[in-house]
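Open the model in your viewer and keep the sequence panel beside it. The tour below goes from one selection to the next.

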Amino acid sequence: MSLLVVGLSHRSAPVSVLERASLSGDAQIKLLQDTVAAEPAAEAAVLATCNRIELYADVDKFHAGVAELSTLLAQHSGVGLEELTPYLYVHYEDRAVHHLFSVACGLDSMVVGEGQILGQIKDSLARAQELHTAGRLLNDLFQQALRVGKRAHSETAIDRAGQSLVTFGLEQLAAGAPVDGWARGKKALVVGAGSMSSLAAATLARAGVAEIVIANRTQDRAERLAEILTEGDGTDVLARAVPMDSVPFELTRADVVVSCTGATGLVLTADEVAAGVAGRTGEQPAGLGEDEYEGAGAGAGEDTAAPAAPASAPTVQAPLPPTSVGTEENCPLDLSAVQPGFSVAGEAAVAGMDAATLEQHAAWVAGGAAAQDTRRSGPEADAELIGALAATAAKAGRIPERRRPAPVAEPPRPEPVLFLLDLAMPRDIDAAVHRLARVRLVDIESLAEASADAPMAADVDQVRRIVSDEVAAFGAAQRAAHITPTVVALRAMAADVVAGEIARLEGRLPGLDDKHRAEITQTVRRVVDKLLHAPTVRVKQLAAEPGGAGYADALRTLFDLDPETVASVSRAGDSTTEKDRGPA
C-alpha cells in the first residue's frame, strides 16, 4: 500500500472553482466513507479548509487510485470531473508526505507561516479516527505532520513570515495603517461563531475595538463566544450576541464586518450592504442594478472599477446648442444634409465624412478657409517624405516618436465607512459589493492576489530543511515498520521451535528435575536470541533505507515464514495502534 493525495488549492485553482467545490461537513463524512469503500483505498482522510480540498488515501494501485479519488472528489463537490481535472494536483508516496508536512508548517498557505492550519489538520485526523477511516499509515502521517508544524513554529521565526488569514485580512482592510490604531474604538460585527470567526473576534478584541456583535444561526454558540470575549484577559471589549435576522440592522451600526459561516449561499447581498451604508450615512450610495449584479466578477477589487450608476436611472441629455446650418460661409459640408438640432462643428454632423472632406472641415473649424486637397501621391511624394524624415533624424539624432496621451486620472473614490472581511468558502458576501461606494471589501480572492507579492522571511529556508529532514525520518520509520511484522513472525517461529525441542527433551529425559529443565530451556533460548539478534537488527536498518522494502520479502523467503502469520501480526499491530492513538 502507498500514500496518495489528490486535491486542489488556491495555488492550482481560481477561487471561483474552489468556492463551488467546497465540501460541507456532511459531504466530507460521505466522501471518507465512499473512499474506503472503493477498491483501491484502505484508509482515507480529508483536509478541507477555506482555500484547499485534499483527499489522502492509502492505495494499492497508483493509476486506479488517482482515477478513483478524482472521481469521488468530483462527485461529492458537485463540480464535473472534466471541469475539475485541470485544477487537480497529485502527490504520491514521499512527495505526498512532503506536501502535507509543508502544509502543516504554513509553507503552502495563502499567508506563509500562518499557524491556523495545524488546528485544521488536527480536526481532519480526529474526523478520520472517529469514522475509523484512518489506519496505521494516516495516523502516523497526520500525527507527525502536527509535530513537524509545531517544531517549525518553535524552532524558527516562520511566524514573522506571515500571519493568520484573519490578521492578513485585517491588514488589507486597514490599507497599510497599523491594525491596532485603525481598529481602535470601532464597532465590529462578526457573522458566524466557528473557529475562524472566533479567531477574528479575538483578534479584533486585542486590536482595541470598542464593541463586538456576534451573529450566528445557533444562538447558544454566539452567546458563548460573546461571554468568552467579555471575560477575556487584557481586553475591555463589550461583546453581545444577536440572532441572524438582526444582521441588516447591525450593518447600520458596524464599522467592521467579518463573516465566515458554513452557508452554501450568500449571507450578505450587495443590496443589504448598500442599505446598511445608507442607514449609517443617511445618503444612498452608488449601487448596482440587477443586470450588473449578474455580471459582477469575483474579486473585482475596489480600485479596479468605479461605482456604477443604477441601471434604471434615466439618461439625462444636456440641451443642444442652436443649429447654425445655413449661416456658415465656406463650410465644406452639404448643409442641406445636416440634421436639424446639430451644430455644424459637432461630432454628429461630421460622422461619415471621407478623409479629404474631414480634413477640409477641420481646417474650416480652426478658422481657415476651406482648403483644396493638394496632396501629392506617388513615388516622388514618397521620396520627399523619406528624405524629410532622414533629415530630421540627422539633425535631431533620433526619429521623432509619437507619445501616447497621458492617462486621464479617475476621480478618487470616497473614503469607506464600512469595512468587510469575507473569509468564507464559498463566499458569504456578494462580490458585487466591491463596486459599492463608501465600502471596502476584502475576500479570499483579493487576499490571494495580495499575498502573491508578500515578502518571504529568511526563516522559510530553515523550515524547508526541517520538512526535508522530517520526510526522510518518516520514510525510514515507515520502511522499518513494514518489516517489523516479519521480524515478529520470525521470532515467534523461533520460540515455537524452542518450545518443541524442550518438549522432545522432556520425553527423552522424563526424570529431569525442574531446576535443570529451566536451565536448559533458558540456554536454548539465549542461543536462539543471539543468533537472531544481529540479522534482525541489521535487516531493520537496511529496510529503513531507500529501496529497503525488499528485505522483508527476502526474510520471509529465507526462513519460509507463513505469509498469513505475518499478515495476522500486522493486523494485530494496526488494531492496537488505533486503540491507543488520539489527536496530538
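The stops run from the whole chain to single residues.

**Whole chain, coloured by pLDDT**

This is a predicted model, so begin with confidence. The average pLDDT over the chain is 79, and 72% of the residues score at least 70. Select residues 289–326: the pLDDT there is below 50, although the stretch has 49 contacts in the model beyond near neighbours in sequence. Next take residues 369–373, where the pLDDT is also below 50; this stretch has 4 such contacts. Where pLDDT is low, the coordinates should not be read in detail.

Now switch to a cartoon view. The chain has 22 helices and 10 strands. Of its 584 residues, 43% count as buried. Among contacts with a separation of 6 or more, 70% are between residues 24 or more positions apart.

**Helix H18**

Select residues 444–451, which form helix H18. Which of its residues are buried? They are Ile444, Glu445, Ser446, Leu447 and Ser451.

The peptide bond joining Met425 and Pro426 is cis, with omega at about 5 degrees.

**Ala215**

Go to strand S6 (residues 211–215) and pick Ala215. Is Ala215 buried or exposed? With a relative accessibility of 0%, Ala215 counts as buried, because the limit for that class is under 20%. Show its surroundings: leaving out residues up to four places away in sequence, Ala215 touches Leu189, Val190, Val191 and Gly192, as well as Val242, Pro243, Met244 and Val247.

**The largest cavity**

The model has 3 cavities of 30 Å³ or more. The largest cavity has a volume of about 90 Å³. To find it, select Cys50, Asn51, Glu114, Gln120 and Leu165, which lie nearest its centre among the 13 lining residues. Which element gives the largest share of the lining? Helix H6 (residues 116–130) does, with 3 residues. By class, the lining has 6 nonpolar, 5 polar and 2 charged residues.

**Two positive phi angles**

From H6, step into the loop between H6 and helix H7 (136–155), where His132 sits. His132 is not a glycine, yet has a positive phi of about 60 degrees. Its relative accessible area is 62%, so His132 is exposed.

Then go to the loop between strand S4 (89–92) and helix H5 (94–104) and select Glu93. Glu93 is also not a glycine and has a positive phi of about 50 degrees. At 39% relative accessibility, Glu93 counts as partly exposed.

**Cysteines**

Finish by selecting the cysteines. How many disulfides does the model have? The count is 0, where a pair would need its sulfur atoms within 2.5 Å. Two cysteines to look at are Cys105 and Cys260. Cys105 is buried, with a relative accessible area of 0%. Cys260 has a relative accessible area of 16% and is buried too.

Note on methods
Residues are numbered from 1 along each chain as its sequence is written. This is a predicted model: local features need pLDDT of at least 70, side-chain atom pairs count only at pLDDT 80 or more; totals for chains, interfaces and linings use all residues. Side-chain values use heavy atoms; hydrogens and water are left out. pLDDT is the predictor's confidence in each residue, from 0 to 100. Contact means heavy atoms within 4.5 Å. Buried means under 20% relative accessible area, exposed over 50%, partly exposed in between (1.4 Å probe, protein chains only). On a 1 Å grid over the protein atoms alone, a cavity is a set of points where a 1.4 Å probe fits but cannot get out, and a pocket is an open set with protein on both sides within 12 Å along at least five of seven lines; lining residues have an atom within 4 Å of a point. Grid points are joined across faces, edges and corners, and a volume is the space filled by probe spheres set on the points. Helices (H or I, at least four residues) and strands (E, at least two) are DSSP runs, numbered from the N terminus. Ala, Val, Leu, Ile, Met, Phe, Trp, Tyr, Cys and Pro count as nonpolar, Asp, Glu, Lys and Arg as charged, and the others, Gly among them, as polar.
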